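These are my notebook entries on one chain. I set down what I looked up, entry by entry.

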Amino acid sequence: MEQIAVIGAGTMGNGIAHVFAQNGYKVNLVDVAQASLDKGMATITKNLDRMIAKEAIDEAKKEATLGNISTYTNLKDGVSDTDLVVEAATENLDIKLKIFKDLDEACKAETILATNTSSISITQIGAVTNRPEKVIGMHFMNPVPIMKLVEIIRGYSTSDKVTETIMGLSKKLGKTPTEVNDYPGFVANRILMPMINESIETLYNGVAGVQEIDTVMKLGMAHPMGPLQLADFIGLDVCLSILNVMYDGFKNPKYAPCPLLVNMVMAGKLGVKSGEGFYDYSESRKAENVSEQFK
């Protein structure tokens, strides 16, 4: 496996492209918008410069990594000769199904199709292709260049051979792959999102304030960041989407999103990416100032 395509140049997509390219793979980074590709490449360059500053890599490694990445705005051109495609587009079912139908038509018959989805059914995605045995989940964690875990999700039809190939590939990237089965939220978000949702419920019910909730979890449970700060970092819209997938999948009220979360997303308070969520990021991306509505 030598030639990789990554679909989507956003936060996850450019991180995935970075990791593959840094490990010597040729990567085609594909996005419908040239501006997104330019922004993605600028992020990769910035992250490589950070690694140089920390003496994790040298300038030659940076140039080699960037040299391994080519950008495309045309899907067919970007994926036609690839051995693996990793889709990292918006966490939207209809968009992903359309992409996988197009990938199935544009890719070689032997190409493995992976998705970075954090909650959507791999079985459902695979069912729209003519190669469901070659469709698999590769759920990288954010930030991709730093986080070691890759959640490998087998769809109902995913073959043993494809699973073994992707597990082995993940190890070559310096990651720790963990195989799980295809149920809503998989493992990571099935456990994480109810905790975040319960933290929002705790705030909504007036049990404690934003900083107090996060402090309890950081100092009492040894979490590196509090759940409300983490929700801001993930994106409140993404949290809501994942909770809705699990609620629809399990029909269990424990996964129903808190009304406060729903209202914040409708109001455009999405966390770091919008400049405000549970914290105000207008002056700093660090969670230092609680949003005015929660003071």
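Are helices α1 and α2 parallel, perpendicular or oblique to each other?

I worked from a predicted model, in which local features need pLDDT of at least 70 and side-chain atom pairs count only at pLDDT 80 or more, while totals for chains, interfaces and linings use all residues. Residues are numbered from 1 along each chain as its sequence is written, and side-chain values use heavy atoms, with hydrogens and water left out.

**Entry 1: helices α1 and α2.** I took helices (H or I, at least four residues) and strands (E, at least two) as DSSP runs, numbered from the N terminus. The axes of α1 (residues 11–22) and α2 (residues 34–53) cross at roughly 55° and come within 9 Å. Axes are lines fitted to C-alpha atoms, for helices over the stretch in contact, and angles run from 0 to 180 degrees between N-to-C directions. The two helices are therefore oblique to each other; angles under 35 degrees count as roughly parallel, over 145 as roughly antiparallel, 65 to 115 as roughly perpendicular and the rest as oblique. From α1, I noted Asn14, Ala17, His18 and Gln22 in the contact, where contact means heavy atoms within 4.5 Å. From α2, the contact includes Gly40, Thr43 and Ile44.

Entry 2: I found an open, mixed sheet of eight strands in the order β3-β2-β1-β4-β5-β6-β7-β8. Its edge strands, β3 (69–72) and β8 (176–181), each pair on one side only; two strands pair if DSSP finds at least two bridges between them. Strand β2 (residues 26–30) runs parallel to β3 and is joined to β3 by four bridges. I looked up Val30, and its bridge partner in β3 is Tyr72. Helix α2 lies across β2 and β3, at about 160° to β3.

Entry 3: I noted 62% helix and 2% strand over residues 185–281.

**Entry 4: helices α8 and α10.** Helix α8 (residues 188–204) packs against α10 (residues 227–234) at about 115°, with the axes 9 Å apart.
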